[in-house]
Amino acid sequence: MISREEVLNLANLSKLYLDEEEIENIRKEMDSMINFANEINSLDAKCEKLPEINNISNAFREDEIVESYPQEEILKNVDGGREGFFYIKKSN
Amino acid sequence: MKYDLVVGLETHVELLTKTKIFCSCANKFGSEPNTNCCPVCLGFPGTLPKLNREVVNFAIKAAIALNCEVNLLSKMDRKNYVYPDLSKAYQISQFYEPICKNGYIMLDSGKKIRINHIHMEEDAAKLVYKNGDTYVDYNRGGVPLLEVVTEPDISSSDEAREYIEKLQMIMRYIGVSDCRMQEGSIKCDVNVSVKPEGSDKLGTRTEIKNMNSVTFMTKAIDYERDRHIDLIESGEKVVQQTMRYIEATNSTESMRSKEDAQDYRYFRDPDLVDIILTNEEIEKIKKTLPELPDSRFKRYVNDLEISEKDAALLVKYKNVSDYFENASVNLKIPKTVANFIVGQIFRTIETEAEKEKFEILTTPEQLNEMVGLIESGKLTMNLAKKAFSKMLESGKPVTEFVSESDMQGIPPEEIEKMCKEAIESNPNAVKDYLSGKEKALKALLGSVMRQTRGRGNAGEIEEKLKELIK
Ligand SMILES: [Zn+2]
């Protein structure tokens, strides 16, 4: 099972603060996710030819400017921001 | 004990593409905040980044110019970290399969600074701090970068400076970046360690982040070297950590230590597909590259007999070098053109930024015409220099400042007469010259030159004077 330290490390990297109960819950949830993903390993993948799931390459875009969004639109989700910027108040 | 300094550089170069790396917003410096933005570069969920083909082309150009191999298959990865300059909480970069590897930049000493790899990535947003609060401008978010990563081959702050200056020069020549430190279009992270002289084992390194001035970078390297040596000498250990350079005190301070070192959990970005290149495409791009500064420098010194000092001044900025090339077309002695650029044009230009732009009124064709007249013997160097000053001020051609009679020269009998007069009226100078004082001849020469109002050919007159005195 995924360790308590691993959960704390991931939480720290993601700037999440978890209490004891949450840590235990997340350990269980992550475990079931990992087990689910591990099921792939149990498959017999020795078929003749694997289906090409990633046969697309070079999906490029030409270097041509398209008009950007208006500033008001960009800042709409943050109550308009401040002086045209996203604004983050100093935390105490 | 003596120590060797070991430095590696990771340099971020902002590319001069028209648009950002994964969306069609303008890649422009100095706009109003958050006006070159869209849901893709703001990292909204559900948006799909699409790679700008020009970024790939620029990376290939850089690879060729920096003697790298181009990886025919490369991929984009996610670098995960949480910070307000990155709303997606991951930066799209290249980690497992970067686009270029194994290159080098050669220093003047002949030493090669090896380049481990070059990868493409997006820049993060710009943070502005005011009264402890943070203001975020996403115009820079998604601007394309190339990160050029060296091996730890640099062994002094001077070598680091030369490496960066060469990198800037090459990037400008190939037109992928303007590399302006003060605008942040080139930045570097510096890895520093020391080891006992001659030892094979590398010491513990520290990394100084975000240097955006070559001068401060060299100071930071020297400071960090001394700090490491002091620690070792006093029996302490260098702690592997990330440092910040403080300009005001010329010192470094810790940003974060190894304990909370970043764990970026890189993985393949599932939104972006493989980049597959062919040798034919690479060859095609190679053909579009201009002659690189090193090659120009060698040609100027070896074939055109320009001094190393002047050749270095000419190649430093592509605009200057191109001007020299254009002004030298079909001339016998291009060195004369070089002398006018270094001697007279540079005197009218104050700053490095102006040299880089090299916007001057006289066209290369006008300088070419004037030097052509010198070469055909119609114009003396003396008159040309005077005329050229006026040309530079006005942008008018040489014919505006020298008359037909100036260009006809002075008949030899006239010259002889003037020389005789000078000799007769300066008996002391003649005596001095005959007693071995070579310099005394200059006084006579000067007097004749004044007589000709600068139209005479100094070499011819000098010969004539010597002939007459004997
Ligand atoms: Zn955008």
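How much area is buried between chain B and chain A? About 3300 Å², and carbon and sulfur atoms give 56% of that. Keep in mind while browsing these close-ups that this is a predicted model.

**Figure 1. Where chain B meets chain A.** The contact draws 43 residues from chain B and 32 residues from chain A. As background, the size of an interface is often given as the accessible area lost when the parts come together.

**Figure 2. The salt bridge and the polar contacts between the chains.** Look for Lys130(B) and Glu83(A), which form a salt bridge with their closest N and O atoms 2.9 Å apart. The count between chain B and chain A is one salt bridge. Polar contacts between the two chains come to 23 residue pairs, with both residues at pLDDT 80 or more. On the side of chain B that touches chain A, the elements giving two or more residues are β2 (51–52), α1 (53–65), β9 (126–130), β10 (133–137) and β17 (275–276) of chain B. β10(B) gives the largest share of that side, five residues. Sorted by type, the residues on the side of chain B that touches chain A are 22 nonpolar, nine polar and 12 charged.

**Figure 3. A strand of chain A paired with a strand of chain B.** Here strand β2 (residues 86–88) of chain A runs antiparallel to β10(B), and three bridges join the two. In general, strands of a sheet pair through backbone hydrogen bonds, either parallel or antiparallel.

**Figure 4. Chain A on its own.** Chain A has three helices and two strands. Reading from the N terminus on, its elements go α-α-β-α-β. Chain A has 92 residues, and 17% of them count as buried.

**Figure 5. β12(B) and the strands it pairs with.** Strand β12 (residues 186–196) of chain B is mostly covered, with 10 of its 11 residues buried. β12(B) pairs with β1(B) in the antiparallel sense over 11 bridges. Leu9(B) has Val190(B) in β12(B) as its bridge partner. β12(B) also pairs with strand β13 (residues 206–211) of chain B, again in the antiparallel sense, over four bridges. For that pairing, look at Val192(B), which stands opposite Thr206(B) in β13(B). A general point for reading such views: in a regular strand the side chains alternate between the two faces of the sheet.

**Figure 6. A three-stranded open sheet in chain B.** The strand order is β6-β5-β16 (chain B), with antiparallel pairing. β6 (90–93) and β16 (267–268) of chain B stand at the edges with a single partner strand each, so one side of each is left without a neighbour in the sheet. Zooming in, strand β5 (residues 77–80) of chain B runs antiparallel to β16(B), joined by two bridges. In this pair, Arg78(B) stands opposite Phe267(B) in β16(B).

**Figure 7. Two asparagines with positive phi.** Asn102(B) has a phi near 55°, a positive value in a residue other than glycine. Asn102(B) sits in strand β7 (residues 100–106) of chain B, and at 45% relative accessibility it counts as partly exposed. Asn330(B) also has a positive phi, about 65°, although it is not a glycine. Its place is in the loop between α7 (318–327) and α8 (334–345) of chain B. Is Asn330(B) buried or exposed? Asn330(B) is exposed, with a relative accessible area of 77%.

Figure 8. Val40(B) lies in the loop between β1 (3–14) and β2 of chain B. With 22% relative accessibility, Val40(B) counts as partly exposed, because the buried class takes in residues under 20%. Which residues is Val40(B) in contact with, leaving aside its neighbours within four places in sequence? They are Phe22(B), Cys23(B), Thr47(B), Leu48(B) and Pro49(B). Val40(B) and Ile276(B) are 236 residues apart along the chain, and their C-alpha atoms are separated by 24 Å.

Key:
Residues numbered from 1 in each chain as written. Chains lettered and ligands numbered in written order. Predicted model: local features only at pLDDT ≥ 70, side-chain atom pairs only at ≥ 80, totals over all residues. Heavy atoms only, no water. Contact = heavy atoms within 4.5 Å. Buried area = accessible area lost by both parts, 1.4 Å probe. Salt bridge = Lys/Arg side-chain N within 4 Å of Asp/Glu carboxyl O. Polar contact = N/O pair within 3.5 Å; in protein donor to acceptor, adjacent residues only side chain to side chain. Nonpolar A, V, L, I, M, F, W, Y, C, P; charged D, E, K, R; others polar. Pairing = 2+ DSSP bridges. Buried < 20%, exposed > 50% of the residue type's maximum accessible area, 1.4 Å probe, protein only.
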